[in-house]
Amino acid sequence: MKFKRITTLLLVVAMVLGTLTVASAAPINKAATDFEDFDQDAWYAEAVTTGVENGLIYGYPDGTLQPQGNLTRAEMAAIANRAFGTYVKANVGQFKDVARDAWYYEDIQMACWMGTYRGTSAATMEPDKSISRQEVLTILARALQLDLERYENTSLDKFGDGSEVSDWALPYVKAMVGAGYIQGRNTG
């Protein structure tokens, strides 16, 4: 089951890397087609359907999935936690922007315990901020516990935007590419 959830996470991430998309706070036993804004003929249909069916994507309380919207850092934490079966929580009191009554409070605690999240500074997490592709790849490389040294010589030259990867994310992006999780897309 864990392998299936990780495979699903990677499928959802493939979709996320195309255009950032959906997640939520409370589980709802629905099929993707039950959400009013789901289009079964859209480019995202397979990934979103798989994500919903495998319990990674719950949708929003208003009955939408918002598949064309931006994924937040908190939503990515929730998806990764679900995929990897995380349940242990860390103290996140140092992050002044993670409110105890926020839907994502426990997900941020679990993501910090798992080591996938470290904050955007010593005192901030920015849970409501849209997540970048390089942040997603960093989170996944940490969750998969990829050996960064093994992939340090991986070239990103085949990617038109490979030189734009931030220094802090570079080892993680190289690891995801080197391990074969990310191939990029043909835009030509």
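W43 is partly exposed, with a relative accessible area of 48%, where buried means under 20% relative accessible area, exposed over 50%, and partly exposed in between (1.4 Å probe, protein chains only). The structure is a predicted model, in which local features need pLDDT of at least 70 and side-chain atom pairs count only at pLDDT 80 or more, while totals for chains, interfaces and linings use all residues. Residues are numbered from 1 along each chain as its sequence is written, and side-chain values use heavy atoms, with hydrogens and water left out.

**Aromatic pairs**

- Rings of Phe, Tyr and Trp (its six-membered ring) pair if their centres lie within 6.5 Å, and planes under 30 degrees apart count as stacked, over 60 as edge-to-face and the rest as tilted; by this rule there are three aromatic pairs.
- W43 pairs edge-to-face with Y44, at 5.7 Å centre to centre and with 85° between the planes, and Y44 counts as buried at 2% relative accessibility.
- The rings of W103 and Y104 have centres 5.5 Å apart and planes at 80°, so this pair is edge-to-face as well.
- W103 is partly exposed, with a relative accessible area of 36%, whereas Y104 is buried at 6%.
- F38, W43 and Y44 are linked into a cluster by ring pairs.

**Overall fold**

- The protein chain has six helices and zero strands, where helices (H or I, at least four residues) and strands (E, at least two) are DSSP runs numbered from the N terminus.
- Along the sequence, the chain follows the pattern α-α-α-α-α-α.
- Of the 188 residues of the protein chain, 50% count as buried.
- Contact means heavy atoms within 4.5 Å, and among the contacts in the protein chain with a separation of 6 or more, residues 24 or more positions apart account for 74%.

**Helix α3**

- Helix α3 has twelve residues and reaches 16 Å from its first C-alpha to its last, close to the 16 Å expected at 1.5 Å a residue, the expected span being 1.5 Å times one less than the number of residues.
- Twelve of the twelve residues of α3 are buried, so this helix is largely enclosed by the rest of the structure; among them are R73, E75 and R82.
- After α3 comes G85, whose phi is positive, near 65°.

**Packing of α3 against α4**

- The axes of α3 (residues 73–84) and α4 (residues 105–114) come within 9 Å and cross at roughly 65°; axes are lines fitted to C-alpha atoms, for helices over the stretch in contact, and angles run from 0 to 180 degrees between N-to-C directions.
- The crossing of α3 and α4 is left-handed, a term that applies if the near helix is turned anticlockwise from the far one by less than a right angle, with right-handed used if clockwise.
- On the α3 side the contact is made by A74, A77, A78, A80, N81 and F84, and on the α4 side by D107, I108, M110, A111 and M114.
- By class, this contact has nine nonpolar, one polar and one charged residues, with Ala, Val, Leu, Ile, Met, Phe, Trp, Tyr, Cys and Pro counted as nonpolar, Asp, Glu, Lys and Arg as charged, and the others, Gly among them, as polar.

**K89 in the connecting loop**

- K89 is found in the loop between α3 and α4 and counts as partly exposed, at 41% relative accessibility.
- Not counting residues up to four places away in sequence, K89 touches E106, Q109, M110 and W113.
- K89 and D107 are 18 residues apart in sequence and 8.2 Å apart in space, C-alpha to C-alpha.
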